[in-house]
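The following note sets out numbered remarks on the model shown below. Please read each point with the coordinates to hand.

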Amino acid sequence: MSRIEYTNVNDSREITVAADVPRVAIQVSREVVVASIQVDLDDDVLVRFREDLLQRVHDTGSRGVILDISGLATLDSHEFAALRRIMTTSEILGAESVLVGMRPGVVSALIEAEADVDGLRAAFDLDAAYAMLEQSLLVEPETRDDVATAQDCDPPVFLQDAPPGVGGQE
Amino acid sequence: MTVELHRIIRTEMDASRTVLETTLYCRKAGMGETPSCMVATAVSELVRNILKYAGSGEIILRQVKGISGRGIEIEVTDQGPGIADCEAAMLDHFSSGNTLGLGLPGVQRMMDEFSLQSTPGEGTRVMARKWS
């Protein structure tokens, strides 16, 4: 009995909090999800942002995500770690992510704080980020063509290069 | 010139407002954009510790003069549980909470001068300065 009441109280409180949480602007442009972070990244904002972003990536099937943080005057180690977790999550969904618009002071502070920047993809501005994503994503149509060509080929010719065990199945 | 910025930190909103005010305070004191950002980030790490470990605390920002010119001083105090081993807290990758650690070595590197005093059960005081 009391457990059910507790759950209800908890639920209604969560809804109230969620309604007040400012949202990060997310739009899709040239098949890339672009999020411009202009609001303070407190924990509630981060949770909501992650949900919104992942949902958008999933709904649109975008293969690239750009996080624009040029609107942020500061980014502490906790906020940075949270952003990186969000980037990793979108990568697991299949979208490459690039961080854009870090100010010199933000970069300096992150390095001094020994933030984990291994494997971070970052670009100076939106154009550079698009160029970066296009470079890695444009490889894809070529790869698809290769696969299509291979499938169009006469199977025995294609399988000549395959290991004996695989080729012998035909 | 000697206008201090004194803020009580109780909520996440207090914290983020104070970080923003720190940037403005440093800029107004004539500090460049990059060092101002570093002071504000240091403040961000320190007030985050207040909320996480002590619940509440306070911060004072001052303009100071030294041999090497003008600068900004941060004084952050709380009446929280304190840090049992200050030396260990200043080692990188040391963590007394979860995996994030206290970020104090980072704060030290962001600032030019740094001191940490803490008595378990009484609280913690961090003083740090950055010269323009």
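1. In this predicted model, the largest nonpolar core holds 62 residues, and the members touching the most others are A:Leu67, B:Ala42, B:Val43 and B:Ile74. Such a core is a set of buried Ala, Val, Leu, Ile, Met, Phe, Trp, Tyr and Cys residues joined through C-beta atoms within 7 Å; buried denotes 20 or more other C-beta atoms within 10 Å of a residue's own, with C-beta atoms placed from the backbone. α2(B) contributes nine residues, the largest share of this core. Helices are DSSP runs of H or I with at least four residues and strands are runs of E with at least two, numbered from the N terminus.

2. Residues are numbered from 1 along each chain as its sequence is written, and chains are lettered from A, and ligands numbered from 1, in the order in which they are written. As the model is predicted, local features need pLDDT of at least 70 and side-chain atom pairs count only at pLDDT 80 or more, whereas totals for chains, interfaces and linings use all residues.

3. Which residues does B:Ile74 contact, leaving aside neighbours within four places in sequence? They are B:Val39, B:Ala42, B:Val43, B:Ile59, B:Leu61 and B:Ala128. Contact here requires C-beta atoms, placed from the backbone, within 7 Å.

4. In chain B, five strands form an open antiparallel sheet in the order β1-β2-β3-β5-β4. β1 and β4 (113-119) of chain B are the edge strands, each with a single partner, so one side of each has no neighbour in the sheet. The twist from one strand to the next averages 15°. Strands are taken as paired when DSSP finds at least two bridges between them.

5. Strand β1 (residues 5-9) of chain B runs antiparallel to strand β2 (residues 57-66) of chain B, with five bridges. B:Arg7 has B:Ile59 as its bridge partner, and B:Ile8 stands opposite B:Glu58. β2(B) is in turn joined to strand β3 (residues 69-78) of chain B by 10 bridges, also antiparallel. A hairpin of two residues connects β2(B) and β3(B), and B:Arg62 stands opposite B:Glu73.

6. Angles run from 0 to 180 degrees between N-to-C directions, with axes fitted to C-alpha atoms, for helices over the stretch in contact.

7. Chain A has an open sheet of five strands in the order β1-β2-β3-β4-β5, with mixed pairing. Its edges are β1 (25-29) and β5 (122-123) of chain A; each has a single partner strand, so one side of each is left without a neighbour in the sheet. Strands β2 (residues 32-36) and β3 (residues 64-68) of chain A pair in parallel over five bridges, with A:Ala35 opposite A:Leu67.

8. The contact between the chains takes 17 residues from chain A and 21 residues from chain B. On the chain B side, α1 (12-28), α2 (33-54) and α4 (104-110) each supply at least two residues, and α2(B) gives the most, with 10 residues.

Notes. Contact = placed C-beta atoms within 7 Å. Buried ≥ 20, exposed ≤ 12 C-beta atoms within 10 Å, placed from the backbone.
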